[in-house]
Amino acid sequence: MSPNLDFKRNTAIDLDLGWINHLKVNRNAADRRAASLANRRTVKKEYQAAWLIRAIECIDLTTLSGDDTPGRVERLCRKAMRPLRADLMQALGLDSLTTGAVCVYHEMIRPAGEILQGRLPIAAVSTAFPAGLSSMETKVREIELSVAAGATEIDIVITRQHVLTGNWQALYDEMVAYRQACGEAHVKAILATGDLVTLENVAKASWVCMMAGADFIKTSTGKEGVNATIPVSLVMVRAIREYYERTGYKVGYKPAGGVSSAKTALQYLTVMKEELGNEWLQPRLFRIGASSLLTDIERQLEHYVTGSYSAAHRHAQP
């Protein structure tokens, strides 16, 4: 099961080095805009509940630990298919609700597929996640194996040295190869923005990956020292907006790493609404990579329903 897209999928276009080399980012302006979002009063009551439900629908519920087991992945999948308790669902007037996808390592694709049975997309991290420093042949083969195992989305990691040395042709060629290896599976390009040093590098890497056919651009592996931030997100979503204006292709966005509270999730939803519009507030174009976020959202929704906060341990952990 892949995202239900009612628009044409992004297709690789020619790399425009003239455009890439002239991209500039005003860091001060990005920081001011980010601060204005952080300091804004959030939505309240039923409006907040509605936004938090939308956040759940956009979560890539994730487990990427060295001690993952089929049992842990089974719990993750069952939580993804039923993210809220039955009493909360009833109180909120919801007949059904799921997360956007589950995200796992290659070895956990089959256990996830046995539980999900096509009811949710399975995203697999690939291309020597998280460092991305295996041979190109190994990385492409890893994608092919994950697609064959049942992954419908592939979260690849780019080679950061291509960005840091300004080798945009190499990054483009790499991304084109990944896109081709994915076939019908949708590909999310992880930029590892915490490693890219400058916002201009983030902007350029975003553009190159989109030109090479990425369906989504994603901030982080969750393993870097700095992961998703609002200034980085502003740069990336504005690149998405301008890419759409220039090409007609709609590319999705996925912040990942450190998005663990309902308040933070609301900030990212606000960025998407104000910078890209309501159309991008759908799982087909917006995902949040997270593991613990769902617990806090469930606590906030219980507070909305009952007026009291419950302890986190009362909510089922994936």
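The model is predicted, so local features need pLDDT of at least 70 and side-chain atom pairs pLDDT 80 or more, while totals for chains, interfaces and linings use all residues. Residues are numbered from 1 along each chain as its sequence is written, and side-chain values use heavy atoms, without hydrogens and water.

Let's start in helix α2 (residues 27–38), where R27 and D31 sit 4 residues apart, about one turn of the helix; helices (H or I, at least four residues) and strands (E, at least two) are DSSP runs, numbered from the N terminus. The closest N and O atoms of their salt bridge are 3.2 Å apart. R27 is partly exposed, at 44% relative accessible area, and D31 is partly exposed too, at 29%. Here buried means under 20%, exposed over 50%, and partly exposed in between (1.4 Å probe, protein chains only).

Now turn to E275 and R33, a salt bridge with its closest N and O atoms 3.2 Å apart. E275 belongs to helix α12 (residues 262–276) and R33 to helix α2, so this pair ties together parts 242 residues apart in sequence. Both E275 and R33 are buried.

R287 bridges to E153, with 2.9 Å between the closest N and O atoms. R287 lies in the loop between α12 and β8 (288–290) and E153 in strand β4 (residues 153–157), 134 residues apart. Through shared partners, salt bridges join D60, E153, D155, K188, K218, K254 and R287 into one network.

Note on methods. A salt bridge is a side-chain nitrogen of Lys or Arg within 4 Å of a carboxyl oxygen of Asp or Glu.
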